[in-house]
Amino acid sequence: MSALIEARDVTLAFGGTPALRGVSLAVDAGDIIAIMGPSGSGKSTLLHCLGGILVPDAGEVWLDGRRVDTLDEQRRSALRRDVFGFVFQFGQLVPELTAEENVALPLLLGGTRRAAALAESRSWFARLGLDGLQRRRSGELSGGQAQRVALARGLVARPRVLFADEPTGALDSLTGEQVMNLLVDAARAEGTTVILVTHEPRVAAYADRQVIVRDGRSSALTVERVGS
Amino acid sequence: MSIPLTLLGLLEREASHGYDLKREYDALFGRGRPLPYGQVYSTLARLARDGKIIAGEAEPGSGPERRRYVITETGATEFEQWLTEAVPPEPHLQTTLFTKVVLALMLGRDAHAYLDTQRLAHLRRMRELTDLRRGGEIVDVLLADHGLFHLEADLRWIEATSGRLDQLAAKVRA
Ligand SMILES: Nc1ncnc2c1ncn2[C@@H]1O[C@H](COP(=O)(O)OP(=O)(O)OP(=O)(O)O)[C@@H](O)[C@H]1O
Ligand SMILES: [Mg+2]
């Protein structure tokens, strides 16, 4: 079977600084993979290339048998909205919106009516231990609460691929565990493909496969499939 | 800790006398537990018997027995295989990991690649324990946790070592 999403020899530099120097990575539909590696090694950059946020200088990105790095910004934006979900590493909530509106945002942008979008959004709060916080603004949430809201926003539109950059970074270990269990259960139930960046081995251990990025290169060992 | 394989590793670099092997072993891996001469010579004798090394002629002179040992193809192959395979991810394997890293650096092998292999072996074991934990009762959860914390500690050590390979290489090759 060919991969659902794939980076082929992707290279990207910010100005003179090379961030990715030829990374290849293929992920099958429904797989959960964890990208690990030292700080500054290019993990977030790789995620952004796969997610159509950044365009590589060289190399290719494929989704479901179609080349996506060559699409224009409008098409990539549609892809991000309709097919992908994102949980970003930093500051991702819209401060002007309440928590439930933040979660509903991908649905609203996708054309779901407000009442239906908010109802769907609210169903996530209890599951994530966030009950009672629906009407708070992001400035009124703790770091860990905001992170869980962001996770709900990433999952609410049932994306085919969820990109999650350090989704448990601000959580204590028990809450992190709850969030990972939830993420994995939701992904398995929906068949969502998850590409997770984390520096925590305990979090990476939830994935089917782990990939190590160092100095903008993926380890030659990335093809190893864990557990089978 | 595998003393025979470590001695093979030292011999892979260059032929050596038992006495020098012991000194080198103690300096790099002994850490307050020097290798007794008796053990050095009995290990070398076993390695020679199994065709992994060849003992040269006894050289004349006073003091301890002077005999040079040379690694064979069989010995080199066995060492190479040991060096590149991951240590089974169980608690308290630091000494073996450390030995492999030092030997890999000394012999100019890709220590990063070795550490990555080890890292993935650890992560695979962590994944098994995490699976066990997800379906398990509280007792399974707590037992799995114990394993997970130990593996995590190993992994942290691997990260730290990986970040300081250059320093270690300079020391080992000095
Ligand atoms: N917008 C940017 N402009 C310039 N340089 C950047 C930018 N984003 C990232 N970089 C650089 O690219 C390299 C890779 O960064 P990236 O954010 O992908 O690392 P990372 O592996 O996600 O690190 P961390 O674990 O700290 O989040 C780094 O050297 C970083 O300084
Ligand atoms: Mg990052």
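A salt bridge is counted here when a side-chain nitrogen of Lys or Arg lies within 4 Å of a carboxyl oxygen of Asp or Glu. The model is a predicted one, in which local features need pLDDT of at least 70 and side-chain atom pairs count only at pLDDT 80 or more, whereas totals for chains, interfaces and linings use all residues. Residues are numbered from 1 along each chain as its sequence is written, chains are lettered from A and ligands numbered from 1 in the order in which they are written, and side-chain values use heavy atoms, with hydrogens and water left out.

The C-alpha trace of chain B spans about 70 × 30 × 30 Å along its principal axes. Of its 174 residues, 45% count as buried, a term that stands for under 20% relative accessible area, with exposed meaning over 50% and partly exposed in between (1.4 Å probe, protein chains only). Among the contacts in chain B with a separation of 6 or more, 61% come from residues 24 or more positions apart, a contact being heavy atoms within 4.5 Å.

Within chain B, R119(B) and D116(B) form a salt bridge whose closest N and O atoms are 2.7 Å apart. Both residues lie in helix 6 (residues 111-135) of chain B, 3 residues apart, about one turn of the helix, and both R119(B) and D116(B) are buried. Elsewhere, salt bridges that share partners join E177(A), R202(A), R133(B), D145(B), E152(B) and R156(B) into one network.

Turning to chain A, an open sheet of 4 strands has the order 2-1-4-5 with antiparallel pairing, two strands being paired if DSSP finds at least two bridges between them. Strand 2 (17-27) and strand 5 (66-67) of chain A stand at the edges with a single partner strand each, so one side of each is left without a neighbour in the sheet. Strand 1 (residues 5-14) and strand 4 (residues 58-63) of chain A pair in the antiparallel sense over 5 bridges, and I5(A) stands opposite L63(A) in strand 4. Helix 1 (residues 43-50) of chain A packs on this sheet, touching strand 1, strand 2 and strand 4, and its direction makes about 120 degrees with that of strand 1; for such angles, axes are lines fitted to C-alpha atoms, for helices over the stretch in contact, and the values run from 0 to 180 degrees between N-to-C directions.

A further open sheet in chain A has 6 strands in the order 6-7-8-3-9-10, with mixed pairing. Its edges are formed by strand 6 (84-87) and strand 10 (217-218) of chain A, each with a single partner strand, so one side of each is left without a neighbour in the sheet. Strand 6 and strand 7 of chain A run parallel and are joined by 4 bridges, with V87(A) standing opposite A164(A) in strand 7. Helix 1 of chain A packs on this sheet as well, touching strand 3 (32-36), strand 6, strand 7, strand 8 (193-197) and strand 9 (209-214), and its direction makes about 160 degrees with that of strand 7.

Strand 7 (residues 161-165) of chain A also contains D165(A). This residue is buried yet has no salt bridge, the nearest side chain of opposite charge, K43(A), being 7.0 Å away; in this count Lys and Arg are positive and Asp and Glu negative, while His and the chain ends are not counted. The side chain of D165(A) does make a polar contact with the side chain of S44(A) at 2.6 Å, a polar contact being a pair of N or O atoms within 3.5 Å, where within protein one must be able to donate a hydrogen and the other to accept it, and residues adjacent in sequence count only if both atoms are side-chain atoms. Not counting residues up to four places away in sequence, D165(A) touches S44(A), L47(A), V87(A), F88(A), Q89(A) and V197(A).

Over all chains, the structure holds 33 salt bridges, one of which joins the side chains of D64(A) and R160(A) (3.1 Å, N to O). D64(A) lies in the loop between strand 4 and strand 5 of chain A and R160(A) in the loop between helix 5 (143-155) and strand 7, so the pair ties together parts that are 96 residues apart in sequence.

Notes:
Helices (H or I, at least four residues) and strands (E, at least two) are DSSP runs, numbered from the N terminus.
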